[in-house]
Amino acid sequence: KEAALAKIDLRCGRILECSKVPDADSLYLLKINIGEDQPRQVVSSLVGHYTADELQNRQVVVYCNIKPGKMRGLESQAMVLAATKNKGEKDEICELLDPPAGCAEGTRPLVGELEVGSASDGVSVKYISKVWGQVQPSLNMNEKGEASFDGTPLMMKEGPVRAKSLTKVGIY
């Protein structure tokens, strides 16, 4: 599983722009700086959980080498990760993962000694969803509210990646 985790490119990002997608009640169009020359465009269903103002300039954890897909005709080039309780239910609670204060955009987390995404260069996005399928079930919030992989916290040099209040739920 660690080998799969090394292929998933997770990075600290900052939301530079946030706007509602026309004719889509639940979708935001985000522009996220992940430490590359150009920001990534991300379509995310966070409208029911956050206001645009709450997202503007917020740091997030971004899954960067996801296969790009279209939502409402707009390309989504990455995915923002969140701790989620009751996923897909009416009472779903979603909290974005928070990198620690001072973390630079583009920084990848460590799980123990392993840099998440260290083997992601050259991994075909065509097959990455299979790799994500191996990794995602092991990504959870621990009892301290830290994002973890098989119980080991995701760490930046400034400290652990957290969510606001959720514990013992999955990360999607």
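Leaving aside its neighbours within four places in sequence, which residues is Cys 94 in contact with? They are Leu 46, His 49, Tyr 50, Ala 82, Ala 83 and Thr 84, where contact means heavy atoms within 4.5 Å. This is a predicted model, in which local features need pLDDT of at least 70 and side-chain atom pairs count only at pLDDT 80 or more, while totals for chains, interfaces and linings use all residues. Residues are numbered from 1 along each chain as its sequence is written, and side-chain values use heavy atoms, with hydrogens and water left out.

- An open sheet of 5 strands has the order 3-2-1-4-7, with antiparallel pairing. Its edge strands are strand 3 and strand 7, each of which pairs on one side only.
- Strands here are DSSP runs (E, at least two residues), numbered from the N terminus. Two strands pair if DSSP finds at least two bridges between them.
- Strand 1 (residues 10–20) and strand 2 (residues 28–33) run antiparallel and are joined by 6 bridges. Ile 15 has Ile 32 in strand 2 as its bridge partner.
- Strand 2 is also joined to strand 3, by 5 bridges in an antiparallel arrangement. Here Ile 32 has Arg 40 in strand 3 as its bridge partner.
- The hairpin of strand 2 and strand 3 has 6 residues between the strands, and Gly 35 takes a positive phi near 85° in this hairpin.

**Strand 4 within the sheet**

- Strand 1 and strand 4 run antiparallel, with 5 bridges between them. Arg 14 has Gln 59 in strand 4 as its bridge partner.
- On to strand 7, strand 4 is joined by 2 bridges, and these two strands run antiparallel. Val 62 stands opposite Val 80 in strand 7.
- Why is strand 4 (residues 59–63) described as largely enclosed by the rest of the structure? The reason is that 5 of the 5 residues of strand 4 are buried. Buried means under 20% relative accessible area, exposed means over 50%, and partly exposed lies in between (1.4 Å probe, protein chains only).
- From strand 4, Gln 59, Val 61 and Tyr 63 point one way, whereas Val 60 and Val 62 point the other way, and all are buried.

**Arg 11**

- Arg 11 lies in strand 1. Because its relative accessibility is 12%, Arg 11 counts as buried.
- The side chains of Arg 11 and Asp 9 are joined by a polar contact of 2.7 Å. A polar contact is a pair of N or O atoms within 3.5 Å; within protein, one must be able to donate a hydrogen and the other to accept it, and residues adjacent in sequence count only if both atoms are side-chain atoms.
- A polar atom of the side chain of Arg 11 also lies 3.3 Å from the backbone oxygen of Ile 34.
- Beyond its neighbours within four places in sequence, Arg 11 is in contact with several residues, among them Val 60, Val 61 and Val 62, as well as Arg 40 and Thr 107.

- Strand 8 is joined to strand 9 (residues 93–96) by 4 bridges, and the two run antiparallel. Ala 82 has Leu 96 in strand 9 as its bridge partner.
- Strand 8 is also joined to strand 16 (residues 170–171), by 2 bridges and again antiparallel. The bridge partner of Thr 84 in strand 16 is Gly 170.
- Cys 94 lies in strand 9. With a relative accessible area of 11%, Cys 94 is buried.
- Cys 94 and Leu 81 are 13 residues apart along the chain, and their C-alpha atoms are separated by 9.7 Å.

**The largest pocket**

- The largest pocket holds about 360 Å³ of space. A pocket, on a 1 Å grid over the protein atoms alone, is an open set of points where a 1.4 Å probe fits, with protein on both sides within 12 Å along at least five of seven lines; lining residues have an atom within 4 Å of a point.
- The lining consists of 20 residues, of which Ser 44, Ser 45, Met 79, Val 80 and Tyr 172 lie nearest the centre of the pocket.
- Strand 3 (40–44), strand 5 (69–71), strand 7 (79–80) and strand 8 (82–85) each supply at least two residues of this lining. Strand 3 gives the most, with 3 residues.

How values were computed. Grid points are joined across faces, edges and corners, and a volume is the space filled by probe spheres set on the points.
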